[in-house]
Amino acid sequence: MSKSSLKQTLKDLDTKKISIRELNQDYLKRIKENENLNVFIHFSEENVLKQIDNLEKDNSAKKLKGIPIAIKDLFCTKSMPTTAASKILENFNPTYESFVTQKLLDEGSIFVGKTNLDEFAMGSATNTSFFGNTINPLSKENEPLAPGGSSGGSAAAVAADLCLGATGTDTGGSIRQPASFCGVVGIKPTYGLCSRWGIAAFASSLDQAGIFSHNVEDASILLQSIAGFDQRDSTSAKVDIPNYFENLDDDLNGKTVGIPREYSIDATPMEISQIWEDAIKVLEKKGVKIKNISLPHTKYALPTYYIIAPAEASSNLARYDGVKYGYRSDEIDSLDEMYENTRAQGFGREVKRRILIGTYVLSAGYYDAYYLKAQKVRKLIADDFNKAFKECDFIVTPTAPSAAFPLNEKQNDPIKMYLNDVFTVPASLAGLPGISIPFGKDKNNLPLGIQILGKHFDEQQVFNAAVSLERSYE
Amino acid sequence: MNNLIKGEKHDWEMVIGLEIHAQVKSNSKLFSSSSTKFGSSPNSQVSLVDAAMPGMLPVINKYCVEQAVKTGVGLNAKINNYSVFDRKNYFYADLPQGYQISQYKYPIVGEGKVTIDFKDGTSKDIRIVRLHLEQDAGKSLHDQNPSKTYVDLNRSGVALMEIVSEPDIRTPDEAGMYISKIRSILMYLDTCDGNMQEGSLRADVNISVRKPGDEYGTRCEIKNLNSIKFIKQAINYEAKRQIEILESGGSIEQNTMLFNTSTGKTRPMRNKEEAHDYRYFPDPDLLPLEISKEEIVKIKSSIPELPDELKNKFIETYKLSNYDASVLTAEKQTSDYFNETINSDSELKNHSKIVVNWITSELFSLLNKNNQDLNNSPVSPENLGQLIKLISTNEISGKIAKDVLDDMFSSGKTARQIVDEKGLQQVTDQGEIAKVIDEVIAENPKMVKQYLAGKDKLLGFFVGQAMKLTKGKANPKMLNDILKQKLNKKN
């Protein structure tokens, strides 16, 4: 299966080597062939054909005209239902379009469907979805692998070549980890670069939209399309969005890379330490100065994250109460019962677990010990990075502590599951941009990912380092 | 002043603090652009944000922030350059987000004070703890269907200012005066329409009782009172209830109470154990609110004259008593009316007390009787000024002036017109008055005898008779003087 890139496809469309219809028919065919992967929560061929019809009538030039894109089902879309992979939003049809998807529509892209995810983006294997597991397209027969999560559907959609790019959201690693598991590129930009307006919230201070693609160049094109200030999101940043693609520069000579010693953890398999070393060697060859740095509070990042994110989630998910929209239990004798039964039946186990954790850490008598302390540690973690970035231009680490694991492996062990985020969570807490690119394979020939972190709003440096590593690997 | 209530065993003192919820006067809501108009059809003013649709985010309405700052200045309070919006989490059907966005640790306005004025000329400061901004909830309608509750979200997200006082209030009257004063300040500032009937201004009352000099007792909170009358009733009832419990050896449970307006009684809504844990935490969808010194200065400079300043100005310029001046300045429309009346003629400055009386007693009672408001008074300030001028120049008597005002009120004519048409000018001709008095004396020889025998009270009788003959037009002072003169001559 030779995957054509977004960059190449745009050229082919431009030179009329291929039509929008032909292009998308090709993707539709593959989507239908791969239904067993359970990549999409919502897919409608009719809807895709309608979009093609409309674009064929549209003579204006658009940057992504006709490009098939998959949308994580956490983004509210007018033309397709939005479920957040939860029963509680099973039949929810938004009357509004999220900021990010609207930008993609404005650029003329075609939405092929809404991709599966962990319920409300809570998970690391896309196995908490009300709509069932997504299967990693790289799975061998009879041994289904997890695609990672929470944006596993989007990562799998790109990996199986069901689209030329996909949107994701990343709260603690939900783009970077599945990108690593599925062998694709995934970028989580700086917190505030893309508006959160219209994305069902998980943890507001961490949620950030981003992109999956086949390669770094494509990611740089797509990220530029979804970034930008939005006055409807108070945490949206007023920054100029550079043309990342035009500015791509794989010459890293004279730059400094930071290698955080705290990311060498005992549990990391040899293979992962190996690709990390390989990446460092490649960079060294390119004239990059290697700087060993320390991010001393790294070990507190996971517990900090698993206090702050559930705390915010417990409040963000209070709106799903059966009163206004979404699922409402039939068994109602009182208002309290309506809440209890609606939420007991509407939410899955992992969501309930996090709501309970979040409610607990915010409770009177526990707030100071948990939530407040976590906020303080979060500040220390951010300070670690600020200090480190005085000495380096970007940081390189592994993306995840393992390759894709078998589908049901960590299903019943939340702590093990949470450990998947160990390398991605610190940058999320600090609001920093991070990308995962495929870099090497494990002994089972499964892809492994390298993570590149940059300074706030320095996505360009992240892309430059990524494209440089990618080109050297190819 | 004795503020104590008599109990069976000894005296008790009330300790009262108020939390006032004032709806910010603003066309749109605190975090959305929906209209705040009162009385629109249910759910016609609800945005995606107000209905808490997935992925919707609050954006602060700058105008509401300015209104809060303005109010803070009016309450002589500290404006905080840095404040934070928090989420107050609880479930209720008319709370679409499942939390109310409020301010907890860092309110926009800090400590301040307001002054209340008593009839005896004394006054008292009530300290303000804080003012913070928060969202209102929607409304649950339980009376539309026997088995269902409907929800109207028009009010959901409307901006409220919660103004919290120290427990400095000691009587129901003080509580009434305090809320009136706050209402007055907000209305001068135009930051709240002050309409208590529509719920734009409502209060939670915290009350405890103690033996004078003791520590504060355990308090109860009476929720959501929307008239001064109910506030006073509720306080009186609740204080009595607490005293009865304490005097019979019981102790007060820290309860949240509801006041039943038809029975005049309070009843517990929930106790301390059942109290919500609101799990406040900073709203991650909103950045901390930062207001620069420059912005505060700019807002301060836009603030109109407030009741206390105006009161002092009236006292100084027109030599009014503290109480009169505070009555005049309690409502902006009254002080405006007074200003326009007294400035309608340069002479009136010297008769300020008469002007005050004619506005606050005569005109007010007419307005009250006719269920009208000063804003749409049929008698304009100029016309009232003219009437008062006629009194002060002795053209008509005060008694006749009352009839003239009645006439002005119903016909809309000017005082001059009425006096001229009906020939109501006061008789100030000495000869004419003397003639009438002679007549009265001649017709009542017995009475004259009795009067001369020492029954001084009969003077009033003679005045009345003379007035009757002149149809009330005789100048009372002249009438009195001449009458005494003539009677004494008989001696």
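Chain A comes with 15 helices and eleven strands (helices being DSSP runs of H or I with at least four residues, strands runs of E with at least two, both numbered from the N terminus). Its radius of gyration is 21 Å, close to the 23 Å that the globule rule gives for 474 residues, so chain A is as compact as a globular protein of that length; the radius is taken over C-alpha atoms, and the rule is 2.2 Å times the number of residues to the power 0.38. This is a predicted model, in which local features need pLDDT of at least 70 and side-chain atom pairs count only at pLDDT 80 or more, while totals for chains, interfaces and linings use all residues. Residues are numbered from 1 along each chain as its sequence is written, with chains lettered from A and ligands numbered from 1 in the order in which they are written.

Of the 474 residues in chain A, 58% are buried, where buried stands for 20 or more other C-beta atoms within 10 Å of a residue's own, exposed for 12 or fewer, and partly exposed for anything in between, with C-beta atoms placed from the backbone. Taking contacts in chain A between residues at least 6 apart in sequence, 77% link residues at least 24 apart; a contact calls for C-beta atoms, placed from the backbone, within 7 Å.

Next come the sheets. In chain A, an open sheet of eleven strands runs in the order E1-E3-E2-E4-E6-E5-E10-E11-E9-E7-E8, with mixed pairing (two strands pair if DSSP finds at least two bridges between them). Strands E1 (40-42) and E8 (289-293) of chain A sit at the edges with a single partner strand each, so one side of each is left without a neighbour in the sheet. On average, neighbouring strands of this sheet are turned by 35° against each other, direction ignored; the axes here are lines fitted to C-alpha atoms, for helices over the stretch in contact, and angles run from 0 to 180 degrees between N-to-C directions.

Within this sheet, strand E9 (residues 394-398) of chain A has five of its five residues buried, so it is largely enclosed by the rest of the structure. E9(A) runs parallel to strand E7 (residues 256-260) of chain A, joined by two bridges, and Val257(A) stands opposite Phe394(A). E9(A) is also joined to strand E11 (residues 447-454) of chain A, by five bridges in the antiparallel sense, with Pro398(A) opposite Ile450(A). Strands E5 (residues 185-188) and E6 (residues 208-213) of chain A are antiparallel too, with three bridges; there Gly186(A) faces Phe212(A).

Chain B has an open sheet of three strands, ordered E5-E4-E15 with antiparallel pairing. Four bridges hold strand E4 (residues 86-89) of chain B to E5(B), and Asn89(B) stands opposite Tyr99(B).

Neighbours within four places in sequence aside, Ile231(B) touches several residues, including Ala175(B), Ile179(B) and Val205(B).

Where the chains meet, 34 residues of chain A and 24 residues of chain B take part in the contact. On the chain A side, helices H9 (301-316), H10 (335-346) and H11 (349-362) each supply at least two residues. The largest share of that side, three residues, belongs to H9(A). By class, the side of chain A that touches chain B has 16 nonpolar, eleven polar and seven charged residues (nonpolar being Ala, Val, Leu, Ile, Met, Phe, Trp, Tyr, Cys and Pro; charged Asp, Glu, Lys and Arg; polar the others, Gly among them).

Gly149(A) and Ser150(A) are joined by a cis peptide bond, with omega of about 10°. Ser150(A) falls in the loop between strand E3 (110-115) and helix H5 (152-159) of chain A. Ala121(A), located in the loop between E3 and H5 of chain A, has a positive phi of about 70° although it is not a glycine. Ala121(A) is buried, with 31 other C-beta atoms within 10 Å.

How values were computed. Contact = placed C-beta atoms within 7 Å.
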